[in-house]
There are 2 protein chains.
Amino acid sequence: MTNEIVIRKDRLWDSIQALGEIGEVDGAMMRVTGSDADRRARDRVVGWFEAADMDVAVDAVGNIVARRVGRVDAPPVVTGSHIDTVPAGGKFDGTVGVLGPLEIVRAWNAANVETDRPLHVVVFTEEEGTRFGTGLLGSLVATERLQADKALALEDEDGVTLAEALRSIGYDGTAELGLADAAAFIEMHVEQGPILDRSDTAVGIVETVAGITHHRVTFEGEADHAGNTPMAMRRDAYVGAAEFALELERTARRHAETSNTVGTVGKSKVTPNGTNVIPGRVELGVDIRDTDDEHLHETVSSAREHARAIASKRELSHQWQSLLEVTPTELSPDISNRLVEAVQNCGHTYRRMLSGAGHDAMNVAAVAPAGMLFVPSRDGISHSPEEYTSPEDVYMGTRVLEAALRELTRSG
Amino acid sequence: MTNEIVIRKDRLWDSIQALGEIGEVDGAMMRVTGSDADRRARDRVVGWFEAADMDVAVDAVGNIVARRVGRVDAPPVVTGSHIDTVPAGGKFDGTVGVLGPLEIVRAWNAANVETDRPLHVVVFTEEEGTRFGTGLLGSLVATERLQADKALALEDEDGVTLAEALRSIGYDGTAELGLADAAAFIEMHVEQGPILDRSDTAVGIVETVAGITHHRVTFEGEADHAGNTPMAMRRDAYVGAAEFALELERTARRHAETSNTVGTVGKSKVTPNGTNVIPGRVELGVDIRDTDDEHLHETVSSAREHARAIASKRELSHQWQSLLEVTPTELSPDISNRLVEAVQNCGHTYRRMLSGAGHDAMNVAAVAPAGMLFVPSRDGISHSPEEYTSPEDVYMGTRVLEAALRELTRSG
């Protein structure tokens, strides 16, 4: 007999807090793949899954899968996220997408819920790319977008390979996650942006993960004396870079009217960087994203053209190096619709939205119907000890996820 | 009997090269006040002056004065500059204003020139402010704008005082330079800017030393995720700073049409400075100069107003800290006219100009009629091993200086 399913807000919050004590220093999380904190966090999560009667297995790159059996031998429904962090990160990024599902399994167990399809909860390795330089690493391998051998050979700054790091914490397994066979995949994650928080919305249903491009843009002029070089004789790299940043902002704002374009100069290095010297060289780190591939290319082209024109007008030389290009990922409309039904059944507020950040769900979307659920990030802050999602918000997100997983685990 | 006066280009150049070997490492000069290189350079210069029959004395802060007697007991004509360098500097900055006069004395001696007034050549201590943090230090003390006791108590980074540093190299004296009694003062110096070089002009006659102001301007917004924060929800400190830099450039260019305004953002520090993070804070080092005090204040006020308006429009907070304010210095029109006559007599090209950089002559101008003569800096480069003035250019400058000093040392 199935009793009422009760997602316990306090138990869920306590699990988040308990996991948040592992790798925490002065409020900041530091759980890097293969570290002792990573081992302890994995052991804790595995212990919880096993205590919830789940079968736990580990694949070659340390991805963990906890399996709850179904009544029929049908493709599983999969959910999950990651528990590694950036340096000085927060305790919600990734974690809510692992411990929300844990709470769902606990609630199902308490209510004697039996599903048709199995439910799998995955914990992906090295999502942040903090130690081995490649983000979304576990899901890249699990979806066969990257060979396990290549991933295992990646080295950290000290020359330690991923293979060695995983062996040292006992998380080098042989299982297969079988994501290509999944009936559905949903990742719950903190938004890492201000939209839900500012609009007081409970959950976001992600329809698209934006394409991401990174560029290094360099302007070079002449480092002359700030006092003795008249305005008309200057080749000032700083004002060239400044003009470029404002043009990028203008272009992104204009494109944002019809798309989801964002353009950012996040990084800047000025040489020689003395108050009384005209900057001879400025190197910018530029981030341009869009959910629409065509718009993304238009914005990048337009930014390149601006850089060229500004350099030419100001007699600067310039360089444009593209460092990263990830195309936009459409998530499954079917899963999005299921999530909308779920949130409506729960009576919470929601909005359909995009993710500007990359997530493991992007990789899974290449092999199975995948969706994402966002919960609010207070003030939009993430990758920081200030990162916060309230107990109520984690609870509401988990309720919606539970409702969606319950429907999806019904066969036929 | 007076023979023909011959400035010997080769001897002058050889002296510059010989002094340039002291404190030189891989082409870069490093002659810091009180260092062993400073002692050896001083000893060399003093040796040359003494060999030219001059009387050498040293004052409390290590300023050197070499005196050539005159026929009458009248106020002396003084010339000179400095021989200390910035770290990794060049071998012309300061040096040409000491060794040019040495060559003049040598030429006068060879031609048996007797002047009415005495000629004094001074070598000022710590012009660059490299070790004790205060530029123009020697001339500040020699013109009683700074008390010797206070200067001597200044400490370097290791807590060594100027007094100790001078004692250690044997240049702590008791003489008085008596600059307030000088009939005239002329400093020859490299331009440190591109104007003479680009216009193929032999010498510049400096009429005004620009006022200099330095400011630290900080814009503060919010360091949000570059992917998840829509353009309309940003408080991006970088684009605020960029807009400020372009407004400063625009204002300076406009004022430069009627004055000699220059405005520079030379320094920039972005926080957190990650490609995928919207800059939460940008700190700028701003340099604004003008030969006209009113214009200078107008430009600074206008820049402050722009900073305020940009911050307000972009919902940023901002701070404006003024770190340095030196008012413009008018040099003596009489000396400038004497220099114009001298250059015309020599048949060289010249232009009247300003100095955007501070020089010891600024301090001397407060107590005596002072002028300055610029020789070209190749490509406008200074404070660098690339700093260069050709033998021909040093020669022409020295000829002009000689002609002017010869006239000025005539009494009556």
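In which hand does α8(A) pass α8(B)? The crossing of these two helices is left-handed, a term used where the near helix is turned anticlockwise from the far one by less than a right angle, with right-handed used if the turn is clockwise. The model is a predicted one, in which local features need pLDDT of at least 70 and side-chain atom pairs count only at pLDDT 80 or more, while totals for chains, interfaces and linings use all residues. Residues are numbered from 1 along each chain as its sequence is written, and chains are lettered from A and ligands numbered from 1 in the order in which they are written.

Helix α8 covers residues 237-256 of chain A, and its axis comes within 8 Å of that of α8(B), crossing at roughly 125 degrees. Here helices (H or I, at least four residues) and strands (E, at least two) are DSSP runs numbered from the N terminus; axes are lines fitted to C-alpha atoms, for helices over the stretch in contact, and angles run from 0 to 180 degrees between N-to-C directions. The two helices are therefore oblique to each other, given that angles under 35 degrees count as roughly parallel, over 145 as roughly antiparallel, 65 to 115 as roughly perpendicular and the rest as oblique. Among the residues of α8(A) that meet α8(B) are A:Y238, A:A242 and A:L246. By class, this contact has 10 nonpolar, no polar and 4 charged residues; Ala, Val, Leu, Ile, Met, Phe, Trp, Tyr, Cys and Pro count as nonpolar, Asp, Glu, Lys and Arg as charged, and the others, Gly among them, as polar.

Across the whole interface, 48 residues of chain B are in contact with 47 residues of chain A, contact being C-beta atoms, placed from the backbone, within 7 Å. On the chain B side, two or more residues come from each of β9, α8, β10 and β11, and α8(B) gives the most, with 10 residues.

Within chain B, helices α10 (residues 333-346) and α12 (residues 391-408) pack at about 125 degrees with their axes 8 Å apart, which makes α10(B) oblique to α12(B). Their crossing is right-handed. The residues making the contact include B:L339 and B:V343 of α10(B) and B:V400 and B:L408 of α12(B). The C-alpha atom of B:L408 is also separated by 9.6 Å from that of B:F185, 223 residues away along the chain. B:F185 sits in strand β7 and is buried, with 30 other C-beta atoms within 10 Å; the cut-offs are 20 or more for buried, 12 or fewer for exposed, and partly exposed in between.

A cis peptide bond joins A:T271 and A:P272, with omega about 0 degrees, and another joins B:T271 and B:P272, with omega about 5 degrees. B:P272 lies in the loop between β10 and β11 of chain B. B:A88, although not a glycine, has a positive phi of about 55 degrees and counts as partly exposed.

Definitions and conventions
Two residues are in contact if their C-beta atoms, placed from the backbone, lie within 7 Å.
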